[in-house]
Amino acid sequence: MKKYTSYFQIREDIEKGITSCQKLVNYYLKNIHAKKHLNCFLEVYRDEALARAEQIDQKLTRGQAGRLAGMVIALKDVLCYKDHALQAGSKILQGFESQFTATAVQRLLDEDVIIIGRNNCDEFAMGSSCENSAYGPVLNDLDHERVPGGSSGGAAVAVQTDMCLVSLGTDTGGSVRQPASFCGIVGLKPTYSRISRYGLLAYASSFDIIGIFSHCVKDCALVLEIIAGNDEFDSTVSQKEVPSYSTDLNYSGKAKIAYIKETLVNHGLNSEVKNKTLEKLDFLSHQGHTVEAVDFPLLDYVLPTYYILTTAEASSNLSRYDGVKYGYRSSNGHNLESMYKKTRSEGFGEEVIRRIMLGTFVLSANYYDAYYTKAQKVRRLIKEKTKKLLSHYDFIMLPTSPTTAFKLGEHTSNPLEMYLADLFTVQASVAGIPSISIPNGLDSNGMPIGLQIMADDFQEANLLAFSKYIMDN
Amino acid sequence: MEIDRKVLQKIAHLARLEFDQNSEKQMIASLSEILDWVDKLNEVDTTNVEPLTNMSHESNVLREDIAQEPLDHERGLKNAPQRDADYFRVPKVLE
(Lines give C-alpha, C1' and ligand atoms only; values in the text may rest on other atoms or scores of the structure.)
Protein backbone atom coordinates (compact mmCIF):
# COMPACT_ATOMS: atom_id res chain seq x y z
CA MET A 1 0.00 0.00 0.00
CA LYS A 2 1.21 3.50 -0.72
CA LYS A 3 2.15 5.82 2.09
CA TYR A 4 -0.59 8.36 2.68
CA THR A 5 0.39 11.77 3.97
CA SER A 6 -3.03 13.37 3.76
CA TYR A 7 -6.44 12.38 5.04
CA PHE A 8 -8.07 13.91 1.98
CA GLN A 9 -6.16 11.49 -0.28
CA ILE A 10 -7.32 8.62 1.90
CA ARG A 11 -10.94 9.68 1.76
CA GLU A 12 -10.73 10.11 -2.00
CA ASP A 13 -9.21 6.64 -2.42
CA ILE A 14 -11.83 5.10 -0.16
CA GLU A 15 -14.52 6.60 -2.32
CA LYS A 16 -12.84 5.26 -5.46
CA GLY A 17 -12.64 1.82 -3.86
CA ILE A 18 -8.84 1.82 -3.88
CA THR A 19 -8.54 1.47 -0.13
CA SER A 20 -10.73 0.87 2.93
CA CYS A 21 -10.53 1.28 6.68
CA GLN A 22 -9.75 -2.41 7.05
CA LYS A 23 -6.92 -2.24 4.52
CA LEU A 24 -5.55 0.84 6.22
CA VAL A 25 -5.64 -0.67 9.70
CA ASN A 26 -3.95 -3.85 8.50
CA TYR A 27 -1.29 -1.82 6.79
CA TYR A 28 -0.59 0.28 9.90
CA LEU A 29 -0.57 -2.84 12.11
CA LYS A 30 2.04 -4.37 9.82
CA ASN A 31 4.22 -1.27 10.14
CA ILE A 32 3.81 -1.23 13.91
CA HIS A 33 4.89 -4.86 14.08
CA ALA A 34 7.84 -4.37 11.73
CA LYS A 35 9.15 -1.44 13.79
CA LYS A 36 8.45 -2.69 17.28
CA HIS A 37 12.05 -1.96 18.27
CA LEU A 38 11.34 1.79 18.13
CA ASN A 39 9.23 1.31 21.29
CA CYS A 40 6.79 4.03 20.32
CA PHE A 41 3.63 2.08 21.22
CA LEU A 42 2.97 0.95 24.78
CA GLU A 43 -0.16 -0.84 23.64
CA VAL A 44 -1.72 -1.64 20.28
CA TYR A 45 -5.50 -2.01 20.06
CA ARG A 46 -5.29 -4.58 17.28
CA ASP A 47 -8.59 -6.45 17.48
CA GLU A 48 -10.54 -3.40 18.48
CA ALA A 49 -9.16 -1.31 15.61
CA LEU A 50 -9.94 -4.08 13.12
CA ALA A 51 -13.49 -4.47 14.40
CA ARG A 52 -14.07 -0.73 14.30
CA ALA A 53 -12.60 -0.54 10.80
CA GLU A 54 -15.16 -3.08 9.62
CA GLN A 55 -18.00 -1.08 11.18
CA ILE A 56 -16.81 2.17 9.67
CA ASP A 57 -16.37 0.58 6.25
CA GLN A 58 -20.03 -0.38 6.47
CA LYS A 59 -20.97 3.15 7.45
CA LEU A 60 -18.98 4.45 4.49
CA THR A 61 -20.84 2.12 2.14
CA ARG A 62 -24.13 3.36 3.53
CA GLY A 63 -22.99 6.97 3.20
CA GLN A 64 -23.35 7.54 6.93
CA ALA A 65 -19.74 7.90 7.95
CA GLY A 66 -18.34 10.77 10.03
CA ARG A 67 -15.94 13.46 8.91
CA LEU A 68 -12.88 11.44 9.96
CA ALA A 69 -13.83 7.99 8.69
CA GLY A 70 -10.64 6.39 7.44
CA MET A 71 -8.38 8.40 9.72
CA VAL A 72 -6.32 6.15 11.97
CA ILE A 73 -4.81 7.86 14.99
CA ALA A 74 -2.74 7.15 18.11
CA LEU A 75 -2.83 8.78 21.54
CA LYS A 76 -0.03 9.87 23.82
CA ASP A 77 -0.14 7.95 27.08
CA VAL A 78 -1.62 10.89 29.01
CA LEU A 79 -5.05 11.03 27.37
CA CYS A 80 -7.91 9.08 28.91
CA TYR A 81 -9.73 6.54 26.77
CA LYS A 82 -12.41 4.73 28.73
CA ASP A 83 -11.57 1.18 29.85
CA HIS A 84 -8.11 1.40 28.30
CA ALA A 85 -4.90 1.38 30.30
CA LEU A 86 -3.16 4.70 30.93
CA GLN A 87 0.27 4.98 32.53
CA ALA A 88 1.73 8.41 31.62
CA GLY A 89 4.99 6.55 31.00
CA SER A 90 5.15 5.99 34.76
CA LYS A 91 5.35 3.04 37.09
CA ILE A 92 3.12 4.88 39.56
CA LEU A 93 0.09 4.37 37.30
CA GLN A 94 0.67 0.64 36.98
CA GLY A 95 -2.60 -1.13 36.32
CA PHE A 96 -4.62 2.07 35.90
CA GLU A 97 -7.52 2.06 33.45
CA SER A 98 -9.35 5.23 32.43
CA GLN A 99 -12.82 5.57 33.86
CA PHE A 100 -13.94 8.00 31.17
CA THR A 101 -12.83 9.33 27.77
CA ALA A 102 -11.15 12.71 27.27
CA THR A 103 -13.34 15.25 25.47
CA ALA A 104 -10.88 15.70 22.59
CA VAL A 105 -10.69 11.93 22.08
CA GLN A 106 -14.47 11.56 22.26
CA ARG A 107 -14.95 14.25 19.60
CA LEU A 108 -12.63 12.35 17.27
CA LEU A 109 -14.43 9.07 17.98
CA ASP A 110 -17.76 10.74 17.24
CA GLU A 111 -16.42 11.54 13.75
CA ASP A 112 -15.36 7.91 13.24
CA VAL A 113 -11.61 7.92 13.77
CA ILE A 114 -9.99 4.59 14.52
CA ILE A 115 -7.63 4.57 17.50
CA ILE A 116 -4.81 2.12 16.91
CA GLY A 117 -2.91 2.42 20.18
CA ARG A 118 -1.25 4.30 22.98
CA ASN A 119 2.12 6.00 22.58
CA ASN A 120 5.14 5.97 24.85
CA CYS A 121 6.28 9.32 26.28
CA ASP A 122 8.47 10.89 28.92
CA GLU A 123 7.04 10.18 32.37
CA PHE A 124 4.17 12.63 33.02
CA ALA A 125 5.31 14.53 29.91
CA MET A 126 8.49 15.66 31.69
CA GLY A 127 11.38 15.47 29.29
CA SER A 128 12.70 16.48 25.90
CA SER A 129 13.96 13.17 24.55
CA CYS A 130 11.59 10.33 25.48
CA GLU A 131 14.33 8.78 27.60
CA ASN A 132 12.41 9.35 30.84
CA SER A 133 9.75 6.69 30.29
CA ALA A 134 9.50 3.85 32.81
CA TYR A 135 8.86 1.66 29.75
CA GLY A 136 12.17 2.39 28.02
CA PRO A 137 13.27 5.03 25.54
CA VAL A 138 11.72 5.65 22.11
CA LEU A 139 14.07 5.64 19.10
CA ASN A 140 14.06 7.98 16.14
CA ASP A 141 13.38 5.95 13.00
CA LEU A 142 15.81 7.98 10.91
CA ASP A 143 18.73 7.05 13.16
CA HIS A 144 18.25 4.50 15.92
CA GLU A 145 21.03 6.03 17.97
CA ARG A 146 19.14 9.31 18.16
CA VAL A 147 16.16 10.43 20.22
CA PRO A 148 12.80 11.36 18.68
CA GLY A 149 12.47 14.36 21.00
CA GLY A 150 10.00 14.62 23.82
CA SER A 151 7.92 14.43 25.65
CA SER A 152 5.44 13.27 22.98
CA GLY A 153 8.15 11.29 21.17
CA GLY A 154 6.17 8.07 20.72
CA ALA A 155 3.27 9.92 19.11
CA ALA A 156 5.70 11.71 16.77
CA VAL A 157 7.46 8.51 15.71
CA ALA A 158 4.12 6.80 15.08
CA VAL A 159 3.33 9.45 12.45
CA GLN A 160 6.92 9.62 11.18
CA THR A 161 6.97 5.87 10.44
CA ASP A 162 3.47 5.54 9.03
CA MET A 163 1.99 3.57 11.92
CA CYS A 164 -1.03 5.90 11.87
CA LEU A 165 -1.91 9.07 9.99
CA VAL A 166 -2.27 11.53 12.86
CA SER A 167 -1.58 11.44 16.57
CA LEU A 168 -2.42 13.53 19.61
CA GLY A 169 0.31 14.66 21.97
CA THR A 170 0.51 17.36 24.59
CA ASP A 171 2.66 20.46 24.65
CA THR A 172 3.61 22.15 27.92
CA GLY A 173 6.93 23.66 26.85
CA GLY A 174 7.52 22.24 23.40
CA SER A 175 6.55 18.58 23.79
CA VAL A 176 4.78 18.49 20.41
CA ARG A 177 6.82 21.01 18.40
CA GLN A 178 10.27 19.72 19.35
CA PRO A 179 9.58 16.02 18.52
CA ALA A 180 7.82 17.11 15.31
CA SER A 181 11.01 18.94 14.40
CA PHE A 182 13.24 15.95 15.28
CA CYS A 183 11.04 13.58 13.27
CA GLY A 184 10.41 15.75 10.21
CA ILE A 185 6.65 16.19 10.56
CA VAL A 186 4.12 18.92 11.43
CA GLY A 187 3.39 19.60 15.11
CA LEU A 188 0.91 22.19 16.34
CA LYS A 189 0.53 23.69 19.80
CA PRO A 190 -2.69 25.72 19.73
CA THR A 191 -3.46 28.77 21.89
CA TYR A 192 -3.67 28.02 25.60
CA SER A 193 -7.31 27.10 26.41
CA ARG A 194 -8.30 26.40 22.78
CA ILE A 195 -8.94 22.67 23.47
CA SER A 196 -10.68 21.07 26.44
CA ARG A 197 -8.33 19.28 28.83
CA TYR A 198 -10.98 17.08 30.37
CA GLY A 199 -9.35 13.66 30.47
CA LEU A 200 -5.80 14.92 30.06
CA LEU A 201 -3.46 14.06 32.94
CA ALA A 202 -2.31 17.40 34.34
CA TYR A 203 1.36 18.39 34.45
CA ALA A 204 1.45 22.22 34.59
CA SER A 205 -2.06 23.57 34.30
CA SER A 206 -1.27 27.13 33.21
CA PHE A 207 0.72 25.72 30.26
CA ASP A 208 -0.71 22.31 29.25
CA ILE A 209 -2.49 21.99 25.93
CA ILE A 210 -3.25 19.10 23.59
CA GLY A 211 -1.27 19.25 20.33
CA ILE A 212 -1.51 17.52 16.96
CA PHE A 213 1.04 15.62 14.83
CA SER A 214 0.48 15.14 11.11
CA HIS A 215 2.29 15.07 7.77
CA CYS A 216 0.36 17.96 6.26
CA VAL A 217 -1.09 21.18 7.63
CA LYS A 218 -4.58 20.43 6.33
CA ASP A 219 -4.94 17.29 8.48
CA CYS A 220 -3.79 19.25 11.48
CA ALA A 221 -6.36 21.96 10.72
CA LEU A 222 -9.16 19.42 10.32
CA VAL A 223 -8.40 17.67 13.61
CA LEU A 224 -8.12 21.01 15.42
CA GLU A 225 -11.50 22.23 14.22
CA ILE A 226 -13.09 19.04 15.50
CA ILE A 227 -11.48 18.89 18.94
CA ALA A 228 -11.33 22.61 19.81
CA GLY A 229 -14.04 24.59 21.54
CA ASN A 230 -16.06 24.84 24.70
CA ASP A 231 -16.80 21.89 26.91
CA GLU A 232 -18.95 21.81 30.00
CA PHE A 233 -16.42 19.51 31.69
CA ASP A 234 -13.56 22.04 31.53
CA SER A 235 -14.07 25.50 33.01
CA THR A 236 -10.70 26.70 31.66
CA VAL A 237 -11.45 26.06 27.98
CA SER A 238 -12.21 29.04 25.78
CA GLN A 239 -15.80 29.68 24.72
CA LYS A 240 -14.64 31.35 21.52
CA GLU A 241 -16.19 30.05 18.35
CA VAL A 242 -14.04 27.57 16.40
CA PRO A 243 -13.37 28.60 12.79
CA SER A 244 -13.38 25.94 10.07
CA TYR A 245 -9.62 25.92 9.81
CA SER A 246 -9.39 23.19 7.18
CA THR A 247 -11.47 24.99 4.56
CA ASP A 248 -9.74 28.30 5.05
CA LEU A 249 -6.13 27.47 4.22
CA ASN A 250 -5.38 29.81 1.35
CA TYR A 251 -2.86 32.41 2.33
CA SER A 252 -3.01 35.46 0.17
CA GLY A 253 -1.41 38.79 0.75
CA LYS A 254 1.91 39.68 2.26
CA ALA A 255 2.93 38.77 5.77
CA LYS A 256 4.90 40.80 8.27
CA ILE A 257 7.41 38.45 9.83
CA ALA A 258 9.74 39.12 12.75
CA TYR A 259 12.70 37.01 13.69
CA ILE A 260 14.35 37.36 17.05
CA LYS A 261 18.01 38.31 16.72
CA GLU A 262 18.94 36.63 19.98
CA THR A 263 17.75 33.25 18.70
CA LEU A 264 20.15 33.34 15.76
CA VAL A 265 23.26 34.44 17.61
CA ASN A 266 22.74 31.93 20.40
CA HIS A 267 25.89 29.96 21.12
CA GLY A 268 23.97 26.69 21.44
CA LEU A 269 22.52 27.05 17.94
CA ASN A 270 23.76 24.51 15.41
CA SER A 271 25.06 26.27 12.28
CA GLU A 272 23.09 24.09 9.87
CA VAL A 273 19.87 24.87 11.72
CA LYS A 274 20.76 28.54 11.64
CA ASN A 275 21.49 28.52 7.91
CA LYS A 276 18.26 26.74 7.02
CA THR A 277 16.31 29.26 9.08
CA LEU A 278 18.04 32.18 7.38
CA GLU A 279 17.48 30.64 3.96
CA LYS A 280 13.77 30.37 4.67
CA LEU A 281 13.58 33.97 5.89
CA ASP A 282 15.45 35.04 2.77
CA PHE A 283 13.07 33.12 0.56
CA LEU A 284 10.06 34.76 2.19
CA SER A 285 11.61 38.15 1.81
CA HIS A 286 12.15 37.49 -1.90
CA GLN A 287 8.52 36.49 -2.17
CA GLY A 288 7.60 40.00 -1.11
CA HIS A 289 6.89 39.42 2.56
CA THR A 290 8.31 41.81 5.13
CA VAL A 291 11.02 40.14 7.18
CA GLU A 292 12.58 42.11 10.00
CA ALA A 293 14.95 41.42 12.85
CA VAL A 294 13.70 42.34 16.31
CA ASP A 295 15.20 42.28 19.80
CA PHE A 296 13.90 40.09 22.56
CA PRO A 297 16.29 40.66 25.45
CA LEU A 298 14.15 38.50 27.74
CA LEU A 299 15.03 35.31 25.83
CA ASP A 300 17.55 34.20 28.45
CA TYR A 301 14.90 34.37 31.15
CA VAL A 302 12.21 32.36 29.45
CA LEU A 303 13.52 28.91 30.41
CA PRO A 304 14.14 29.70 34.10
CA THR A 305 10.64 31.22 34.30
CA TYR A 306 9.20 28.15 32.67
CA TYR A 307 10.98 25.73 35.01
CA ILE A 308 9.98 27.55 38.20
CA LEU A 309 6.32 27.76 37.23
CA THR A 310 5.90 24.31 35.69
CA THR A 311 7.63 22.50 38.54
CA ALA A 312 5.52 24.42 41.07
CA GLU A 313 2.34 23.41 39.26
CA ALA A 314 3.57 19.85 38.81
CA SER A 315 4.31 19.45 42.52
CA SER A 316 0.70 20.31 43.20
CA ASN A 317 -0.85 18.34 40.33
CA LEU A 318 1.14 15.19 41.07
CA SER A 319 0.24 15.15 44.76
CA ARG A 320 -2.75 13.00 43.79
CA TYR A 321 -0.50 10.00 43.07
CA ASP A 322 -0.30 8.67 46.59
CA GLY A 323 -1.18 5.00 46.31
CA VAL A 324 -4.70 5.40 47.69
CA LYS A 325 -7.20 5.57 44.85
CA TYR A 326 -5.33 4.12 41.89
CA GLY A 327 -2.07 2.87 40.51
CA TYR A 328 0.95 1.54 42.31
CA ARG A 329 1.06 1.15 46.08
CA SER A 330 4.23 0.20 47.92
CA SER A 331 3.88 -2.70 50.30
CA ASN A 332 6.75 -1.35 52.41
CA GLY A 333 4.81 1.33 54.30
CA HIS A 334 4.00 0.63 57.94
CA ASN A 335 1.51 3.47 58.35
CA LEU A 336 -0.34 5.89 56.07
CA GLU A 337 2.42 8.47 55.87
CA SER A 338 5.18 5.99 55.15
CA MET A 339 2.90 4.30 52.58
CA TYR A 340 2.60 7.69 50.78
CA LYS A 341 6.34 8.29 50.89
CA LYS A 342 7.38 4.79 49.82
CA THR A 343 4.76 4.65 47.06
CA ARG A 344 5.82 7.99 45.59
CA SER A 345 9.56 7.41 45.96
CA GLU A 346 9.36 3.95 44.41
CA GLY A 347 6.72 4.84 41.80
CA PHE A 348 8.07 8.07 40.29
CA GLY A 349 11.19 8.23 38.13
CA GLU A 350 14.16 10.45 38.83
CA GLU A 351 13.22 13.45 36.67
CA VAL A 352 9.67 13.56 38.01
CA ILE A 353 11.00 13.44 41.57
CA ARG A 354 13.45 16.24 40.78
CA ARG A 355 10.66 18.44 39.42
CA ILE A 356 8.34 17.73 42.33
CA MET A 357 11.17 18.63 44.73
CA LEU A 358 12.02 21.82 42.85
CA GLY A 359 8.36 22.80 42.67
CA THR A 360 7.77 22.11 46.35
CA PHE A 361 10.85 24.18 47.16
CA VAL A 362 9.79 27.24 45.14
CA LEU A 363 6.32 27.09 46.70
CA SER A 364 7.57 26.65 50.26
CA ALA A 365 6.96 29.54 52.67
CA ASN A 366 10.53 30.87 52.82
CA TYR A 367 11.15 30.91 49.09
CA TYR A 368 7.72 31.56 47.57
CA ASP A 369 8.23 35.26 46.83
CA ALA A 370 11.85 34.99 45.75
CA TYR A 371 11.14 32.26 43.20
CA TYR A 372 7.48 31.64 42.45
CA THR A 373 6.15 35.20 42.57
CA LYS A 374 9.26 36.49 40.82
CA ALA A 375 8.72 34.01 37.97
CA GLN A 376 5.06 35.03 37.67
CA LYS A 377 6.19 38.64 37.30
CA VAL A 378 8.75 37.80 34.67
CA ARG A 379 6.10 35.73 32.91
CA ARG A 380 3.94 38.83 32.62
CA LEU A 381 6.85 40.75 31.05
CA ILE A 382 7.58 37.93 28.59
CA LYS A 383 3.93 37.67 27.63
CA GLU A 384 3.50 41.43 27.20
CA LYS A 385 6.68 41.83 25.20
CA THR A 386 5.76 38.89 22.94
CA LYS A 387 2.23 40.21 22.42
CA LYS A 388 3.63 43.63 21.63
CA LEU A 389 5.78 42.14 18.88
CA LEU A 390 2.72 40.36 17.55
CA SER A 391 0.79 43.61 17.41
CA HIS A 392 3.33 44.81 14.81
CA TYR A 393 3.97 41.51 13.05
CA ASP A 394 1.76 38.65 11.88
CA PHE A 395 4.30 35.97 12.80
CA ILE A 396 7.49 35.40 14.71
CA MET A 397 9.80 32.82 13.16
CA LEU A 398 12.63 30.92 14.75
CA PRO A 399 14.13 27.45 14.75
CA THR A 400 12.03 24.92 16.66
CA SER A 401 15.07 23.57 18.45
CA PRO A 402 18.71 24.75 18.59
CA THR A 403 19.86 21.36 17.26
CA THR A 404 18.58 18.39 15.31
CA ALA A 405 17.87 15.09 17.12
CA PHE A 406 20.69 14.36 19.55
CA LYS A 407 22.05 10.97 20.52
CA LEU A 408 20.51 8.80 23.22
CA GLY A 409 22.32 9.43 26.48
CA GLU A 410 23.90 12.63 25.21
CA HIS A 411 22.17 14.86 27.77
CA THR A 412 20.92 12.43 30.38
CA SER A 413 23.70 13.05 32.90
CA ASN A 414 22.92 16.74 33.27
CA PRO A 415 19.29 17.87 33.60
CA LEU A 416 20.17 21.48 32.78
CA GLU A 417 21.63 20.50 29.42
CA MET A 418 18.44 18.64 28.63
CA TYR A 419 16.32 21.67 29.63
CA LEU A 420 18.16 23.78 27.03
CA ALA A 421 16.63 21.63 24.27
CA ASP A 422 13.42 23.59 24.96
CA LEU A 423 15.06 26.99 24.63
CA PHE A 424 13.10 28.10 21.57
CA THR A 425 9.78 26.41 22.25
CA VAL A 426 9.04 27.69 25.76
CA GLN A 427 8.39 31.30 24.74
CA ALA A 428 5.05 30.42 23.13
CA SER A 429 4.17 28.29 26.16
CA VAL A 430 5.01 31.01 28.66
CA ALA A 431 3.02 33.53 26.59
CA GLY A 432 0.14 31.11 25.89
CA ILE A 433 0.16 31.78 22.14
CA PRO A 434 -0.18 29.26 19.27
CA SER A 435 2.93 27.92 17.61
CA ILE A 436 3.69 25.32 14.98
CA SER A 437 6.75 23.39 13.84
CA ILE A 438 7.00 22.51 10.15
CA PRO A 439 9.79 20.63 8.34
CA ASN A 440 12.61 22.83 7.05
CA GLY A 441 15.06 20.51 5.32
CA LEU A 442 17.70 18.14 6.65
CA ASP A 443 21.14 18.52 8.19
CA SER A 444 24.26 16.81 6.79
CA ASN A 445 23.43 13.65 8.79
CA GLY A 446 20.02 13.49 7.16
CA MET A 447 18.23 14.52 10.34
CA PRO A 448 15.23 16.87 10.00
CA ILE A 449 15.31 20.54 10.93
CA GLY A 450 12.16 22.29 12.14
CA LEU A 451 10.95 25.82 11.51
CA GLN A 452 8.80 27.31 14.22
CA ILE A 453 6.16 29.94 13.57
CA MET A 454 4.34 31.72 16.37
CA ALA A 455 1.23 33.87 16.03
CA ASP A 456 -1.01 35.87 18.34
CA ASP A 457 -3.74 34.34 20.53
CA PHE A 458 -6.42 32.46 18.59
CA GLN A 459 -4.77 33.22 15.23
CA GLU A 460 -4.57 29.52 14.33
CA ALA A 461 -6.40 30.04 11.02
CA ASN A 462 -3.78 32.49 9.85
CA LEU A 463 -0.93 30.44 11.29
CA LEU A 464 -2.07 27.24 9.59
CA ALA A 465 -2.69 28.94 6.25
CA PHE A 466 0.73 30.56 6.30
CA SER A 467 2.40 27.27 7.30
CA LYS A 468 0.73 25.54 4.39
CA TYR A 469 1.87 28.30 2.06
CA ILE A 470 5.49 27.80 3.21
CA MET A 471 5.30 24.01 2.89
CA ASP A 472 3.77 24.25 -0.60
CA ASN A 473 6.46 26.61 -1.85
CA MET B 1 21.35 28.93 46.08
CA GLU B 2 22.88 26.04 48.02
CA ILE B 3 20.50 23.48 49.38
CA ASP B 4 21.63 21.72 52.55
CA ARG B 5 20.58 18.41 53.98
CA LYS B 6 18.10 19.98 56.39
CA VAL B 7 16.27 21.90 53.65
CA LEU B 8 16.20 18.82 51.43
CA GLN B 9 14.68 16.71 54.21
CA LYS B 10 12.04 19.36 54.89
CA ILE B 11 11.08 19.67 51.22
CA ALA B 12 11.06 15.89 50.82
CA HIS B 13 8.65 15.57 53.73
CA LEU B 14 6.35 18.27 52.30
CA ALA B 15 6.35 16.42 48.97
CA ARG B 16 5.88 13.05 50.69
CA LEU B 17 9.10 11.69 49.21
CA GLU B 18 12.15 10.12 50.77
CA PHE B 19 15.77 9.65 49.75
CA ASP B 20 18.51 7.26 50.75
CA GLN B 21 21.96 8.71 51.45
CA ASN B 22 23.24 8.36 47.94
CA SER B 23 20.20 9.76 46.13
CA GLU B 24 19.98 12.53 48.72
CA LYS B 25 23.47 13.71 47.80
CA GLN B 26 22.67 13.64 44.09
CA MET B 27 19.40 15.50 44.57
CA ILE B 28 21.11 18.22 46.65
CA ALA B 29 23.70 18.74 43.90
CA SER B 30 21.14 18.73 41.14
CA LEU B 31 18.68 21.10 42.86
CA SER B 32 21.46 23.50 43.85
CA GLU B 33 22.66 23.67 40.27
CA ILE B 34 19.16 24.32 38.91
CA LEU B 35 18.46 26.96 41.56
CA ASP B 36 21.73 28.74 40.70
CA TRP B 37 20.57 28.80 37.12
CA VAL B 38 17.07 30.15 37.84
CA ASP B 39 18.57 32.82 40.12
CA LYS B 40 19.28 34.55 36.83
CA LEU B 41 15.75 35.95 37.04
CA ASN B 42 17.01 38.41 39.66
CA GLU B 43 18.66 40.32 36.83
CA VAL B 44 15.20 41.28 35.54
CA ASP B 45 13.73 44.45 37.01
CA THR B 46 10.18 43.61 38.06
CA THR B 47 9.46 46.70 40.14
CA ASN B 48 5.75 47.53 39.89
CA VAL B 49 5.04 44.40 37.82
CA GLU B 50 2.05 42.40 38.99
CA PRO B 51 2.49 38.63 39.00
CA LEU B 52 0.62 36.92 36.16
CA THR B 53 -1.60 34.42 37.94
CA ASN B 54 -4.15 33.39 35.36
CA MET B 55 -3.58 32.43 31.73
CA SER B 56 -7.21 31.89 30.81
CA HIS B 57 -8.68 34.37 28.42
CA GLU B 58 -12.09 34.18 30.02
CA SER B 59 -12.78 33.63 33.67
CA ASN B 60 -15.69 32.24 35.64
CA VAL B 61 -17.43 30.44 32.82
CA LEU B 62 -20.17 28.69 34.72
CA ARG B 63 -22.79 26.22 33.63
CA GLU B 64 -26.01 25.05 35.21
CA ASP B 65 -25.35 22.74 38.13
CA ILE B 66 -27.26 19.64 37.14
CA ALA B 67 -27.26 16.64 39.45
CA GLN B 68 -26.00 13.53 37.66
CA GLU B 69 -23.87 10.50 38.33
CA PRO B 70 -20.75 10.85 36.18
CA LEU B 71 -18.97 7.95 37.86
CA ASP B 72 -20.78 5.09 39.50
CA HIS B 73 -19.50 3.58 42.72
CA GLU B 74 -17.99 0.45 41.24
CA ARG B 75 -16.25 2.36 38.46
CA GLY B 76 -14.87 4.81 41.01
CA LEU B 77 -13.32 1.99 42.99
CA LYS B 78 -12.12 -0.04 40.03
CA ASN B 79 -8.48 1.14 40.13
CA ALA B 80 -8.04 0.91 43.89
CA PRO B 81 -4.83 -0.83 45.01
CA GLN B 82 -6.79 -2.09 48.01
CA ARG B 83 -10.51 -1.86 48.67
CA ASP B 84 -13.46 -3.49 50.31
CA ALA B 85 -17.04 -3.49 49.09
CA ASP B 86 -17.59 0.22 49.67
CA TYR B 87 -14.33 1.97 50.42
CA PHE B 88 -10.67 2.47 49.54
CA ARG B 89 -8.51 0.75 52.15
CA VAL B 90 -5.35 2.38 53.52
CA PRO B 91 -2.85 1.40 56.24
CA LYS B 92 -3.62 2.43 59.80
CA VAL B 93 -3.75 6.18 60.32
CA LEU B 94 -3.43 6.07 64.11
CA GLU B 95 -0.86 3.86 65.83
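View 1. Helices (H or I, at least four residues) and strands (E, at least two) are DSSP runs numbered from the N terminus. The model is predicted: local features need pLDDT of at least 70, side-chain atom pairs count only at pLDDT 80 or more, and totals for chains, interfaces and linings use all residues. Residues are numbered from 1 along each chain as its sequence is written, chains are lettered from A and ligands numbered from 1 in the order in which they are written, and side-chain values use heavy atoms, with hydrogens and water left out.

**View 2. The rings of F124(A) and Y321(A) form a tilted pair.** Rings of Phe, Tyr and Trp (its six-membered ring) pair if their centres lie within 6.5 Å; planes under 30 degrees apart count as stacked, over 60 as edge-to-face and the rest as tilted. Over all chains, the count is 25 aromatic pairs. For F124(A) and Y321(A), the centres are 4.8 Å apart and the planes stand at 45 degrees, so the pair is tilted. The two residues are 197 residues apart in the chain. F124(A) lies in the loop between strand 3 (114–119) and helix 5 (153–160) of chain A. Y321(A) lies in the loop between helix 10 (299–317) and helix 11 (336–347) of chain A. Both F124(A) and Y321(A) are buried (under 20% relative accessible area; exposed is over 50%, partly exposed in between; 1.4 Å probe, protein chains only). Ring pairs link F96(A), F124(A), Y321(A), Y326(A) and F348(A) into a cluster.

**View 3. Charged side chains sit over rings at Y328(A) and F207(A).** The rule asks for NZ of Lys or CZ of Arg within 6 Å of the ring centre and within 35 degrees of the ring normal. The charged end of K91(A) is 5.0 Å from the ring centre of Y328(A). R379(A) lies over the face of F207(A), 3.9 Å from the ring centre.

**View 4. R75(B) and D83(A) form a salt bridge between the chains.** Their closest N and O atoms are 3.0 Å apart. Four salt bridges are counted between chain B and chain A (a side-chain nitrogen of Lys or Arg within 4 Å of a carboxyl oxygen of Asp or Glu). The contact (heavy atoms within 4.5 Å) takes 56 residues from chain B and 73 residues from chain A.
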